[in-house]
Amino acid sequence: MKHLRAPFTLYRYILGEILLPFTGAVLFFVFVLLMFQIINLVDFFVVHKVSAVWVIQLLGYLGLSLLQPAIPIAFLLAVLLGIGRLSTDGEIMAMRASGLSARQILSPVLLCGFALFLVGAGINPATALERIRNMEPFIDYPQLVQELAK
C-alpha cells in the first residue's frame, strides 16, 4: 500500500475558504459588540466634553478586549460557512472520491483552530494586565468627573 503525502495545495484551498469569512466575521462581531459601548462613549464626548483622542483610545482598548469572545465565534461561523460552501459545490464529495479521508480534509481546519486557541491562550494573559493598566485613567470615573469640573 502506497503512502499518500499530504495535499498541501488542497489544504491551502480549504484554509482560504475559511480565513476570508473568519476575517469578515471577526470585524463584524467586534463592531457589533462595540456598538453597545458607543452610546456610553458618545455620552462622555458630548456631555462631559472629553477629547476625541481620549474616546478613540478607549475605543481601541475596548476593541482589543472584545477580540477574546469574537475570535472563537467568528471561527465557528467561518468553518460552518466554508465547509458548507465546499459541500454545496460538491467539492467535499470530489475530495472523498479522490481518496482523501474526512480526517485529511478537516485536518487544516483543526490545526487552524488549535493555532487560534494557542494564540488566544498566550496573548490574553500576557496582555490583560497591560490593558488594565492602560485603562486605569478611563475606569476611575468619579475622579475624571471631578477633573472635568475644575
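Glu-17, Arg-85, Asp-89 and Glu-91 are linked in a network of salt bridges (a side-chain nitrogen of Lys or Arg within 4 Å of a carboxyl oxygen of Asp or Glu). The model is predicted, so local features need pLDDT of at least 70 and side-chain atom pairs count only at pLDDT 80 or more, while totals for chains, interfaces and linings use all residues. Residues are numbered from 1 along each chain as its sequence is written, and side-chain values use heavy atoms, with hydrogens and water left out.

The structure holds three salt bridges. The side chain of Arg-85 meets that of Glu-17 at 2.6 Å, N to O. Helices are DSSP runs of H or I with at least four residues, strands are runs of E with at least two, and both are numbered from the N terminus. Arg-85 also meets Asp-89 in a salt bridge, at 2.0 Å from N to O. Arg-85 forms another with Glu-91, where the closest N and O atoms are 3.7 Å apart.

Buried means under 20%, exposed over 50%, and partly exposed in between (1.4 Å probe, protein chains only). Glu-17 is buried because its relative accessible area is 18%. Arg-85 has a value of 30%, and is therefore partly exposed. Asp-89 is partly exposed as well, at 46%. Glu-91 has 21% relative accessibility, so Glu-91 counts as partly exposed.

Glu-17 belongs to helix 1, which spans residues 8-46. Neighbours within four places in sequence were left aside for its contacts (heavy atoms within 4.5 Å). On that basis, Glu-17 is in contact with Gly-82, Arg-85 and Leu-86.

Aromatic side chains were examined next. Rings of Phe, Tyr and Trp (its six-membered ring) pair if their centres lie within 6.5 Å; planes under 30 degrees apart count as stacked, over 60 as edge-to-face and the rest as tilted. A search of the whole structure finds four such pairs. One of them joins Phe-114 and Phe-117, with 6.0 Å from centre to centre and 35 degrees between the planes, and is tilted. Both residues lie in helix 4 (residues 102-139). They are three residues apart, about one turn of the helix. Phe-114 is partly exposed because its relative accessible area is 48%. Phe-117 reaches 52%, and therefore counts as exposed.

The protein chain contains five helices and zero strands. Its pattern along the sequence is α-α-α-α-α. Of its 150 residues, 27% count as buried. Among contacts with a separation of 6 or more, 80% come from residues 24 or more positions apart. The chain exposes about 10300 Å², and carbon and sulfur atoms supply 72% of that area. Accessible areas come from the Shrake-Rupley method with a 1.4 Å probe; for residues, only the protein chains shown count as cover.

Confidence was summarised by pLDDT, the predictor's confidence in each residue, from 0 to 100. The mean for the protein chain is 82, and 79% of its residues reach 70 or more. Confidence is highest in helix 3 (residues 91-97), at a mean of 92. The lowest value falls in helix 5 (residues 141-149), at a mean of 55.
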